[in-house]
Amino acid sequence: MKPVRIDLREHHGIPRTAEPVRIGVPLAAGVVHDPAHLQLRDSDGKQLPFDIRVTARWPDGSIRWCLLDVAVSVAAQGEQALLLEQTPAPTAIASAAAMRLIRSGESLAVDTGATQFDLPADSALFHHAALAPAQLELATPAGNTRVVVSDTTTERDQANARLDCTRTGWFVGPDDTHLCRFESRLAFFAGSSTVRWDFTIHNPNAAQHPGGLWDLGDPGSLFFRQLNLTLTSAQDSPVHYQLDAGAPWLTADTDASLQQYSSGGAEWNSRNHIDHTGVVPLHIKGYQFRSGQQQQDGLRASPLLHCDNAFSVGIDRFWQNFPKAITRSGNRITLHLFPAQDNALHELQGGESKTHTLFFDFSGHRDALAWIRTPLAPALAAEQVATSNSLLHFSARSDASDATDDLIQLGLDAQVGFQAKREIIDEYGWRHFGDIFADHESLYLPPGELYISHYNNQYDPLYGFLRQYLLSGNSAWWTLAHELARHVTDIDIYNTQADRAEYNGGLFWHTDHYVDAFTASHRTYSRQQKPNGKDVTQGGGPGAEHCYTQGLLLHYYLTGSERSRQAVLTLTQWITHFYEGTGTLVEQLAHIKSKVLPKLRNGGTSLSHTYPLNRGVGNYINALLDSFAITDNRDYLRQVEHVIRHTVHPRDRIEDRHFDDIESHWFYTIFLQAMIRYLEIKRQRGEDDEASRYALDSVLHYANWMARHEQPYLHTPERLEFPNDTWAAQDIRKANILFFASQYGDAEQRTRLRSRAEFFSDYVRQHLTASDTRHFSRILAILMQNHGASAYFSNAPAIAHTPGTYATEPYVTRGQLLGKTLINALRTLVRFSLRRELQWLKFRHPLFLKAYHRLYSQ
């Protein structure tokens, strides 16, 4: 195996000493089977103690992705290169700093080699000798709550670099009501006194969303006064605050308070921050620090706190997730994750979460946590990623750039890039930070006006950010990706199982088109939205045509994020329920009314396909493929093949698809792209079977039609409701499908397909380069999601393929359709369950809700 190089560069003038680093590494098939045959060395050739976990394997059992944890030292403004190498014999890593987990009944302790942390069975946090037991307090209008731990998970009992412990449980109210869940994830590091704490508070209740409207103030929300963590040091020592990197340390000999009230940006009191009453509850720009006679006001604090002879603490992305506060009273330090604010309450919507990350250090060194503001971002060589073949159509060839490379770099532009967009509507605060401002929605407003509009990961910019990072090594992409992944898993996914099946665990759409978010926040539909100027929007909920899992999968591979991994599986379960239903008779009857009866009325024959040819089913396939990648459960792959066979056919009469109705059918290209991804996975697995040949014949059938008939969407603007440059970006999908198809057929056919692919690719580049809206979020997201095909296929060899023979066409008569429908209804009737029927109905009419509770609530 060629050594894998991992580069770390220090750009902020902070010496890094044994800084914890985690990175996922892809490996080519057949190279390494046993992780024990890998070692890690630094630039001086020194073997480093590290931990390795295999997160994905190739079909032959070799490692596809592995996750590395290691402590790295880098001089200020310096560089360090790590080499991951294969060894002929298992590597024996001798580390005097290796740590271990100590079990004592239900309680645990972690000995890092530098200090010991105790984990009492009833605590969400840790105990340390320098502190009295920490107090975690959630205060509600009804009173304070208590913490009840329900489960503890540890990955291993010994580690060379990092050891994790996760505890889950509930905040229980004064009346013993389970108010909300929590998840506490602690990471300890070998030879270190530093602890990382990721704490998630989660409201598992369903929102009631009357009329499909999801405004703040919903009865399913949890309202609370504050969420605080109080640390009590063993003695009353001076406390020092550093309010930002490079700022002087301020000593607080008396009580002190640091409050971040708002973002401190130019639009700090934007209407983006309205609460459920429609009021912006922000009155102070930036932060205030007070201690005795010391007073300091500023805009954006990224503080560290150090208590002499005791500990240091820092809250990650402090100002970005306002409101935040750190106060000192005697020997008590309180970290206000959700600070009390006059008479206002915080609102955590049904199915919503919020995760905070904090760092603690007990080494006694004041600057021990200076690194957490700008942690090292490990970078892999793009060539390594390309040769591993672990990413779809990823090329690092220096002689073949992608047609959209220059356009995509606008995403980092200081004036129009993704970071700059945040300032326009102040996309900050604990609920907003990490999301992308949907600036394209304001296109048709008069100059100077804009909509508050949230993007919610449409077209998977998370995947795009991570892909760009792997190509460039630019840490700005890495940062954008982490912040977006946190927002998607906390805010954008409807994390409940208490609502209707087609909503539970789903991804909320972006803000509805060409209206303000108002009090819908990141949940699409508000009772205040009137798209036509007079009638309230029809509303809705999470929808399958907005489901993106590929970026979450890649984020899991690169970071080991269990929340991203679980999000993939949750979204797959949701979209499966969306398309397969829950097996109720009333659901079957509703399907007959909406889908079957129109075909029966039309007479003649109709396409026999079960699934619509749209982006939602394409998303369904991608989600199934991503869950297959995580679990290696072939049921997911078999379901992909079932969906493909019941959506397209190599003998489809494509004129029956009505692709000339662009607004209704353009997204067939997304489905074809999902099929191509399936085919590439089958090819990697060496599975040339009937299912893959059927899928390939179908793709080529449609691709050849596209080469003959498709034109850029904007060539027929009269067919489009809003003929803007998003349509030009969507044309890149046609290019990518045709690039793939150009590998097959005779020389003349390949040349024709290749020529049309290059035509669309060049058209997209030229049209958008000349566009004033080329920096819009949706355009860049589409380009990033579809990046790479033109470079990857620039010298792709021809692949032999003999089309199959299909005797029948995919059409049914009225009689056949009626017979098939009756058989399905009878099968559903055989499995009839009154409880399941009422469960489905209770979300659709209050009468059935009452009946369900009367029968089944004991």
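Strand E21 (residues 256-260) and strand E26 (residues 324-329) run antiparallel to one another and are joined over 5 bridges. Within this pair, Leu-258 faces Ile-326 of E26. Strands here are DSSP runs of E with at least two residues, numbered from the N terminus, and two of them count as paired if DSSP finds at least two bridges between them. The model is a predicted one, in which local features need pLDDT of at least 70 and side-chain atom pairs count only at pLDDT 80 or more, whereas totals for chains, interfaces and linings use all residues. Residues are numbered from 1 along each chain as its sequence is written, and side-chain values use heavy atoms, with hydrogens and water left out.

Both strands belong to an open, antiparallel sheet of 8 strands, ordered E11-E10-E18-E27-E26-E21-E22-E23. Its edges are formed by E11 (143-144) and E23 (294-298); each has a single partner strand, so one side of each lacks a neighbour in the sheet.

A further open sheet, also with antiparallel pairing, comprises 4 strands in the order E3-E6-E1-E30. Here E3 (38-41) and E30 (379-380) take the edge positions, each with a single partner strand, and therefore one side of each is without a neighbour in the sheet. Inside this sheet, E1 (residues 4-9) pairs with E6 (residues 79-86) in the antiparallel sense over 6 bridges, and Asp-7 has Ala-81 of E6 as its bridge partner.

Turning to the cysteines, a search of the whole structure for disulfides (pairs of cysteine sulfur atoms within 2.5 Å) returns 0. For Cys-180, which is in no disulfide, the nearest cysteine sulfur is that of Cys-165, 20 Å away. Cys-180 is buried (under 20% relative accessible area, with exposed being over 50% and partly exposed in between; 1.4 Å probe, protein chains only), at a relative accessible area of 0%. Cys-66 is buried, with a value of 0%.
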